[in-house]
Amino acid sequence: MTVKRKRIVVTGMGHLSSIANNVSDFKQALLNKTQGIKPSEKYLSYFEDANASEVVETPIYPGLTSEQVSSMDNAALWAYKVGYEALHQAKLLDSSLLDGAGLIIGVSSAGTEAYMPIIEHQFEKFSLKKAMISGSFSSASAIVSGLLGLKGGFELVATACTASTNAMGIGYDLIQNDKNPLVMVIGTEPLYLPTFAGFYALHAMKRSPSSPFSGTPGMSIGEGAGALILEEYEHALARGATIYGEMVSYATSCDAYHETAPDPRGDGAVRVMRNALSNAALQPEDIDYINAHGTGTETNDRCETLAMKKVFPTIMSIPVSSTKAYIGHNIGSAGILEMIACFLTLADGQILPTLNFTTQRPNCDLNYVPNEFQQGDVQLFMKNNYAFGGNNCCIIASPRPEQSPPTYYEPRRVAITGIGAVSSLGHELSTILDNIWANQRGGSLFPMLQDESLKDDFRSLLADVGVNPEFKDYVCGNYTPEETEEILNQSTWLHQITDLDPRKYLRHFDARKADAVSTFALLALTQAMKMADRKIKRDGQQLGLILGMSKGPQTTVDRYLQSLFPDPTKVRTSEFPGSLMNAISTFCSISEGIKGYNTTLATGNNAALGALSYGYELIRQALQPQVLVGGADENLNKFVVYLQALNNDLQLTQDPASFQVYGHAGSGYVMGEGAGMLFLEDYQAAEQRGIPILAEVIGYGKSSDGCYFDKNNIVERTGAMSRAIRQAMDEAGIKPGQVDLICGTSDGTQDDTQIELGAIRAVFAERSRSTPLVNYNAHFGFVESCIGILNIAVVLEMMKRGEVLPIPNTRQFCTDDMDFVTEPRKQAVNTALILGASEGGNYYAFLLRKAA
């Protein structure tokens, strides 16, 4: 069956930067050649000649109270502001269409602002409310989803400087599969000290405003936010929407070369441009203009120019420009702000200039549209962005719809042919499964604070009369000094990975660059590749990697933040790139030579299921023949574990036997670390190469509840999970009676359990009493990002063995109208439903079918 790709158009935009607070003012500022790069108000006290493109005026946030504003960080507030403007422009505010609208946010630094007072040792400025609402990396997506009423599911993309560009691509794919009638895409990036210090210490910053491709090299860092409403063309026409342009195609790739530097041959950049052209059925001569990444650094500008020369035989006649001399390099929001600039000017025949242009640098010899607008009728243009870790992203777009030929694809069936895992139960999947079948318990007791100096630091902190009382309450609640001292010496149960020697399992392992979480990810990834009989031999571009993260490289982040003080100009540059969310993907890609589509999602709990949905789309839409998907987590450092254990809102339990999912007396969960990976590929191709197929992914669903500020709305939250399940079953074309097994996602807390069981009842009705329900979280500990993948590992093994294992620990269940599996059962499992949920109210459902 041949499918015609939908045309995806832009029907709304929102903007915030140093030179404008809305879209119309941004257009005028562009035409006036207004530059926003100035001496930094925030960072001149730290850094000599510090320049930045900063949002100085406080934006207006329609519909928010002052109390709400004070409880959120700028990443979320700015995303809300531009999202609101885009909905207003698209005439969608309060529309019923928002119930099915998706949200994809791209950001590099998130969840940072609430903890800056702690990082900067200014405890008196700490706000507990801001920490609770905006203190996680994924919180911006949940906040914006809730405030704007977007309930079609959300994801957060964290690929540094390509984050918002990549987010547009994910939104494009979701509409292609009818998952959402429209998708809001946002890039948001406030500028915080850790980011500024990192780039400054790398000597990447120019002491005066940047001049891409010319003059003295160096970048100017910026901040801001942008939003686009993506919508299917016919849908937009039917509702009479104004159309601002069309997104024609996109592609991503990975250099697999270096943590910070681009491949000097430009191979990854060449590949991503050629793939985007191929996806659009276009030739290089069809492109009339290129909006370049153009950071202004010598290496980026030289390599980007070389790559464009390799792709475009007529490059000398194609205008190329960078908008970063206007508003600086906006990191996670760079791509979307630059895309908006293109739509605003190209529709009027105005080609954006590269400002501050002086003398061309060596090997930078193209038409960079120096300093003045050029006139031109641009039918199709290309937007490129590149990021640390070799993440490359290219979008082809048009200021008017229907300027490109229609494109088609043959939908592929999506097979799972490999799986890998590492957990407290073992360093290899086979060991883990053997221990689960033997009902072995993983993890062990660890002292909360192993280091006596940490205990002394904690005592001093609590004794400091100048410390914010709210911060004291956060870390020690109402405990007396004697009770606090007793707790300081307690131990807590953790599902920790111990006695691991990576060299025993890995061919390519650089211990100097490997932190724990990257090592876990690489271990699981190589296992999945081995099971799928996949060896990379100069064909790394045929394999993609999509990772879902929760808290990311915590150990590296901790080391980097500690090096900020007392002198942030001497921060440890070796730790800076490794502290980014996409550092794990970078490490794995370089280690194994993976060069295909590459993305890091940081949507929190079960983010790896978001990665699975994206990887599924890449295979289904024939964009990538093979994709690795999964996630990894390392346990928090012991001091943070202690702080979390004292915070009752997190509902941790220190007794592994109390981790009773669906239990009558369940009191919370035990934390875990590890990794889980799946190898996906075209089903037919897997059959042709004779590889055993473990299962087929036959459908998925995604929904969000919009209840981030209304956690007690169990009815709405239950309805959201129900929608995700129904969406998966609709795509798979099956009924409840055809599902042999349900594998749940509850972390053992009462709300999670109530929502999950309510959703199953709503969809399965009476069949909920007779459809086996399992959940294996207690075997692994709650490994935040990839617990869904680890559960899939157990389900796939049960499909193979024809045996269903019981739910561990729980013996007295909370209800009697579910078929909880309490003893091993000999039963064929041909079709299984896998559920997942994030802490922000995002829900996933996947249907797996055993291969014939």
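This report describes the overall build of a predicted protein model and one of its sheets.

## Overall form

The secondary structure of the protein comprises 27 helices and 32 strands. Its radius of gyration is 26 Å, close to the 29 Å that the globule rule gives for 852 residues, so the protein is as compact as a globular protein of that length. Taken along the principal axes, a box of roughly 75 × 70 × 55 Å holds the C-alpha atoms.

## Burial and contacts

Of the 852 residues, 65% count as buried, a term that here stands for under 20% relative accessible area. Contacts between residues at least 6 apart in sequence were also examined: 80% of them join residues at least 24 apart.

## Surface and charge

The accessible surface of the protein amounts to about 28,900 Å². Carbon and sulfur atoms account for 47% of this surface.

The protein carries 68 positive and 92 negative charges. The mean position of the positive charges lies 6 Å from that of the negative charges.

## A sheet of three strands

Strands β3, β4 and β8 form an open sheet, in the order β3-β4-β8, with mixed pairing. β3 (37-39) and β8 (221-222) stand at the edges and have a single partner strand each, so one side of each is left without a neighbour in the sheet.

Strand β4 covers residues 51-53 and pairs with β8 in the parallel sense, over 2 bridges. Within this part of the sheet, Ala52 stands opposite Ile221 of β8.

Technical notes: Residues numbered from 1 in each chain as written. Predicted model: local features only at pLDDT ≥ 70, side-chain atom pairs only at ≥ 80, totals over all residues. Heavy atoms only, no water. Pairing = 2+ DSSP bridges. Helix = DSSP H or I, 4+ residues; strand = E, 2+ residues; numbered from the N terminus. Rg over C-alpha atoms; globule rule 2.2 N^0.38 Å. Buried < 20%, exposed > 50% of the residue type's maximum accessible area, 1.4 Å probe, protein only. Contact = heavy atoms within 4.5 Å. Areas by Shrake-Rupley, 256 points an atom, 1.4 Å probe, with all protein chains shown as cover. Lys, Arg positive; Asp, Glu negative; His and termini not counted. Charge placed at Lys NZ, Arg CZ, Asp CG, Glu CD.
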